Amino acid sequence: MIHSVRGRLAFQPYGKDDSEVINSVSRAGLNRTLLDTAGRCDGVELHFNERCVDIDLKSATAHFENAATGKRRSVDADVVVGADGAFSVVRAIMQRLDRFDYSQKYEGHGYKELTIPQDVGGEFRLEKNALHIWPRRRFMMIALPNANGSFTCTLFWPLDGENSFARLGTEAEVLRYFERWFPDAVPHMPALAADYLAAPPSTLVTIRCFPWSVEDKVVLIGDAAHAVVPFYGQGMNAAFEDCSVLNDCLQRSAGDWRKAFGAYENARKPHADALADLALENFVEMRDHVASRGFLLKKKVEKTLHKVFPRWYIPLYSLVTFSRTPYAEACARARRQERIVKAGMWGVALILIAIVVFVAEAIWH
Ligand SMILES: Cc1cc2nc3c(=O)[nH]c(=O)nc-3n(C[C@H](O)[C@H](O)[C@H](O)COP(=O)(O)OP(=O)(O)OC[C@H]3O[C@@H](n4cnc5c(N)ncnc54)[C@H](O)[C@@H]3O)c2cc1C
């Protein structure tokens, strides 16, 4: 649901019909589900508050420090799976190895999370079956519904400069800014200024690295291997895809961990890179293009082509979001489709020109 500055609403479905929707998932709920499932598996022990501070890559020995007591201990393992997120300690240790490629790129934009609470009757204050976007060219706000009737809003804005997070320091400034740019949201955000001033903005980073494993001892999965900006909503999905591909590779390698890790990282790396690019491009699309006429026309053309040729033409967004087509393959297919559509449009244009010339000549003579 697009919100204009004047409060006009425009609904654009993401998929072809109600069978293609994006679900909003509670982070805490997902964590609980994963922990409950892990807890029920044989041989799994859960330890909390244990921060990994070092790894011996050769022996797969992990060193932990307890966050509550400060007590240190070491654990000898057969294999260490580094699933410790974008600022992975495991990856940081791997960076010291020869020929380990690594890059990190911070965006000039950061983000702050704000809340639209449920109304007094416990109901949603905005349309609940939508991801709300307030696109404002160089910045934007989005709101995602939660199961309890509230919305989590995220404001993406430059960190520095004329029009940026750095410019708002007081409650009055915050309210003035929101009333200027998001006037229809302000009445639904009673704690807006306090929420805004409670914490500094968080940053957005893309991290690429390779290889993702060390011999048969250590392997990275999820954000530890490939952190992306959140604009395609695929970071978590990509982490789960890592798990299923690693699992397949382990089953096919008959106990040879080194072989499994090599097959896994080679299979996943091109798709992780493709997702990183897609996520960056979608930021520009969400904040800058979604409200433009050209974009809406393009979406209509894509939808019509998909309806007329459902097997042959599938929009990139649908390929990524509503199918299990790997990211790099989805991008390659979208490029092929675009080339054919462009060639078709040129063909139609040439035929029209030929008809006009033919008719003009007939009239002339
Ligand atoms: C603003 C924002 C919005 C997002 N929105 C979406 C979305 O809509 N859809 C989507 O699919 N993805 C989204 N993502 C991305 C998604 O959150 C990540 O891709 C996903 O959580 C990656 O999972 P992970 O398990 O690899 O890492 P994480 O979820 O970061 O988990 C890492 C875990 O490791 C632990 N840890 C870290 N360091 C250590 C250490 N030294 N020792 C021990 N434990 C450690 C952490 O406490 C954490 O529990 C978003 C990300 C951001 C920042």
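**Note on a predicted protein model**

1. Arginine 99 is exposed, with a relative accessible area of 73% (exposed is over 50%, buried under 20% and partly exposed in between, with a 1.4 Å probe and protein chains only). The residue sits in the loop between α2 (89-94) and β7 (101-116). Although arginine 99 is not a glycine, its phi is positive, about 60 degrees. Helices (H or I, at least four residues) and strands (E, at least two) are DSSP runs, numbered from the N terminus.

2. This is a predicted model, in which local features need pLDDT of at least 70 and side-chain atom pairs count only at pLDDT 80 or more, while totals for chains, interfaces and linings use all residues. Residues are numbered from 1 along each chain as its sequence is written, and side-chain values use heavy atoms, with hydrogens and water left out.

3. The protein contains nine helices and 13 strands. Its C-alpha trace spans about 95 × 55 × 40 Å along the principal axes. Of its 365 residues, 36% count as buried. Among contacts (heavy atoms within 4.5 Å) with a separation of 6 or more, 62% are between residues 24 or more positions apart.

4. Helix α1 covers residues 27-40, which is 14 residues. From first C-alpha to last it reaches 20 Å, close to the 20 Å expected at 1.5 Å a residue (the expected span is 1.5 Å times one less than the number of residues). Serine 26 caps the N-terminal end of α1, with a side-chain oxygen 3.4 Å from the backbone nitrogen of alanine 28.

5. Which loop holds asparagine 49? The residue lies in the loop between α1 and β3 (50-56). Asparagine 49 also has a positive phi, near 65 degrees, in a residue other than glycine.

6. Is threonine 61 buried or exposed? Threonine 61 counts as buried because its relative accessibility is 9%. The residue belongs to strand β4 (residues 61-66). Its side chain makes a polar contact of 2.8 Å with that of serine 59 and one of 2.9 Å with that of aspartate 76. A polar contact is a pair of N or O atoms within 3.5 Å; within protein, one must be able to donate a hydrogen and the other to accept it, and residues adjacent in sequence count only if both atoms are side-chain atoms. Leaving aside neighbours within four places in sequence, threonine 61 is in contact with residues including Asp54, Ile55 and Val75.

7. Phenylalanine 210 and proline 211 are joined by a cis peptide bond, with omega about 0 degrees. Proline 211 falls in the loop between β11 (202-210) and β12 (213-214).
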